[in-house]
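Visitor: Could you walk me through this one while I have it open on the screen?
Guide: Gladly; here it is, and we can start with a pair of side chains.

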Amino acid sequence: MSFEILDQLESKVKETVETIQLLQLEVEELKVKNQQLSQENESLKTEHNDFQDRLKSLLGRIDNF
């Protein structure tokens, strides 16, 4: 009886370890994806600011007419 319980416990521990390992891999993948998205976000912010500056400049020229 006690060996059955130990076998069940061992099985659950192995399953838990596998789950933890899979989750750690997923976390690492998500960190990489997050970094990529952060870089893309910064690039888009820069592009947006450049666009706003150009638009303000054009509107300033129109106001001068």
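Guide: Glu42 and Lys45 sit three residues apart in helix H1, so about one helical turn separates them. Please keep in mind throughout that this is a predicted model.

Visitor: What do the side chains of Glu42 and Lys45 form where they meet?
Guide: They form a salt bridge, with a distance of 3.7 Å from N to O. Both partners are partly exposed, Glu42 having a relative accessible area of 46% and Lys45 one of 43%.

Visitor: How many salt bridges does the structure hold?
Guide: There are three in the structure.

Visitor: What about Lys14 and Glu10, how far apart are they in the helix?
Guide: Those two are four residues apart in helix H1, which covers residues 2-63, so Lys14 and Glu10 are separated by about one helical turn. Lys14 counts as partly exposed with 49% relative accessible area, and Glu10 is likewise partly exposed, at 41%.

Visitor: Stepping back, how many helices and strands are in the chain?
Guide: The protein chain has one helix and zero strands. Its radius of gyration is 28 Å, well over the 11 Å that the globule rule gives for 65 residues, so the chain is more spread out than a compact globule. The C-alpha trace spans about 95 × 15 × 5 Å along its principal axes.

Visitor: What share of the residues counts as buried, then?
Guide: Of the 65 residues in the protein chain, 0% count as buried. The accessible surface comes to about 6600 Å², and 57% of that area belongs to carbon and sulfur atoms.

Visitor: Which residues make the nonpolar surface patch?
Guide: The patch is made by Phe3, Leu6, Leu9, Val13 and Val17, and its area is about 500 Å². Taking one of its members, Val13 lies in helix H1 and is partly exposed, with a relative accessible area of 44%.

Visitor: Changing topic to charge, how many positive and negative side chains does the chain have?
Guide: The protein chain carries 8 positive and 14 negative side chains, and the centres of these two sets lie 10 Å apart.

Definitions and conventions
Residues numbered from 1 in each chain as written. Predicted model: local features only at pLDDT ≥ 70, side-chain atom pairs only at ≥ 80, totals over all residues. Heavy atoms only, no water. Rg over C-alpha atoms; globule rule 2.2 N^0.38 Å. Buried < 20%, exposed > 50% of the residue type's maximum accessible area, 1.4 Å probe, protein only. Areas by Shrake-Rupley, 256 points an atom, 1.4 Å probe, with all protein chains shown as cover. Lys, Arg positive; Asp, Glu negative; His and termini not counted. Charge placed at Lys NZ, Arg CZ, Asp CG, Glu CD. Salt bridge = Lys/Arg side-chain N within 4 Å of Asp/Glu carboxyl O. Patch = residues over 30% accessible without salt bridge, like charges linked within 9 Å, V, L, I, M, F, W, Y side chains within 5 Å.
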